[in-house]
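Notebook open, model loaded. I want to jot down what I look up as I go.

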Amino acid sequence: MTDKREAKEKANFMYRYDMHVHSAEGSACGRDCAADMVRAFAAAGYAGFVLTDHSCCGNSAAPRDWPWERRIRVYEQAYQSAAEAGRALDFDVLFGWEHHYGHGKEALTYGIDIDFLLKNPDIPGLTLAEYAGRVRAAGGYVALAHPYRVRDYIDASVQPQPEAVDGVEVYNDANRPEENRAALRLAESCGLGMVSGSDAHSAAERVGTAGLAFARRIRANAELVAALRAGEGKLIVRGEILPLPGDFSVSP
């Protein structure tokens, strides 16, 4: 970061990071490449994002009949493309993924890397608790993604498992307001961490609507996990930084 931009960001106090972003390289439903996603978020004033493409168990761009390593390399290539674009713009790109653990249910995963995925080819057969335990042992963090989303592909009879995770995505810009409010109540009642994400699949939609705002740059996975566990991030909801975690007054 240039001295001029550093001074400006410090004056504004907050560095914005979207916690839920997809790319066309890693997600079958992604509509823009990872580099274009970086450019869009940088133009919106964000300091970075976590690239959370759909896991091999979900709506992945990697064919399911490929060997595990070949599938994981798809995510590596998406991340490297985003990171290269980020370096040119002084924009932080962190690796994550949106793990599908069954019944249309997903969990955002932070603090892991390609090596972790390569060493755990049995991930598709793990329960959420088993998966989260391995992520946690590796220094990572797991948050339920849009736990009360109602869609045809999601089995609503399967309840969230807050006891297995570290946090909850309490605001997802692709959700209905009542779905987000239910997620917020879950996080508050269980004393879990809170994250916010745009769930952007395109550089033309939802960019700048969500995320976490930190008082410092987050340049590495370990820094992100430490910040999440310390509750440092302020929620960004509909483009606004909330003064308090549970204040959804800017949401309709």
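This is a predicted model: local features need pLDDT of at least 70, side-chain atom pairs count only at pLDDT 80 or more; totals for chains, interfaces and linings use all residues.

Contact, as I use the word here, means heavy atoms within 4.5 Å. With that cut-off, and skipping neighbours within four places in sequence, I find G233 in contact with L212, A213, F214 and A227.

**Entry: G233**

G233 sits in the loop between α7 (221-229) and β9 (234-237). Buried or exposed, or in between? G233 comes out partly exposed, since its relative accessible area is 23% and the buried class stops under 20%. I also checked a C-alpha distance: G233 and V207 are 26 residues apart along the chain and separated by 18 Å.

**Entry: overall build**

I zoomed out. I count seven helices and 10 strands in the protein. The C-alpha trace spans about 50 × 40 × 35 Å along its principal axes. What radius of gyration does the protein have, and what would a compact globule have? For 252 residues a compact globule would be near 18 Å, and the protein has 17 Å, so the two agree.

Of the 252 residues, 54% count as buried. Among contacts with a separation of 6 or more, 70% are between residues 24 or more positions apart. The accessible surface comes to about 10,500 Å², and carbon and sulfur atoms hold 50% of it.

**Entry: the cores**

Which members of the largest nonpolar core touch the most other members? I get W97, Y110, I123 and L224, in a core of 54 residues. Strand β5 (residues 141-145) gives the largest share of this core, with five residues. Apart from this core lies another, made of 18 residues, including V38, F41, L51 and A82.

I then followed Y110 on its own. Leaving out neighbours within four places in sequence, Y110 is in contact with M19, V50, T52, V135, G140, Y141, A143, V195, L224, V225 and L228. I note that L224 turns up there and is also one of the residues touching the most other members of the core.

**Entry: helix α2**

Helix α2 covers residues 34-43, and I find A34, A35, M37, V38, A40 and F41 buried in it. What do these buried residues pack against? They pack against β1, β2 (48-54), α3 (68-89) and β3 (92-102). Two of the buried residues, V38 and F41, are among the members of the 18-residue core. Just after α2 I see G45 with a positive phi of about 90 degrees.

A reminder to myself: most residues other than glycine have a negative phi. I looked at two that go the other way.

H146 has a positive phi of about 30 degrees though it is not a glycine. H146 is placed in the loop between β5 and β6 (167-172). Its relative accessible area is 4%, so H146 is buried.

D199 has a phi near 60 degrees, again positive in a residue other than glycine. D199 belongs to the loop between β7 (193-197) and β8 (210-214). At a relative accessible area of 3%, D199 is buried.

A62 lies in the loop between β2 and α3. I find A62 buried, because its relative accessible area is 2%. Which residues does A62 contact, leaving aside neighbours within four places in sequence? R71 and V74. A62 and V74 are 12 residues apart in sequence, with 6.4 Å between their C-alpha atoms.

M14 is in the loop between α1 (3-12) and β1 (15-21). I get a relative accessible area of 11% for M14, so it counts as buried. From M14 to L51 is 37 residues along the chain, and the C-alpha atoms are separated by 20 Å.

R185 is in helix α6 (residues 177-190). I list R185 as exposed, because its relative accessible area is 52% and exposed means over 50%. R185 and I72 are 113 residues apart in sequence and 35 Å apart in space, C-alpha to C-alpha.

Key: Residues are numbered from 1 along each chain as its sequence is written. Side-chain values use heavy atoms; hydrogens and water are left out. A nonpolar core is a set of buried Ala, Val, Leu, Ile, Met, Phe, Trp, Tyr and Cys residues joined through side-chain atoms within 4.5 Å. Buried means under 20% relative accessible area, exposed over 50%, partly exposed in between (1.4 Å probe, protein chains only). Helices (H or I, at least four residues) and strands (E, at least two) are DSSP runs, numbered from the N terminus. The radius of gyration is taken over C-alpha atoms; the globule rule is 2.2 Å times the number of residues to the power 0.38. Accessible areas come from the Shrake-Rupley method with a 1.4 Å probe; for residues, only the protein chains shown count as cover.
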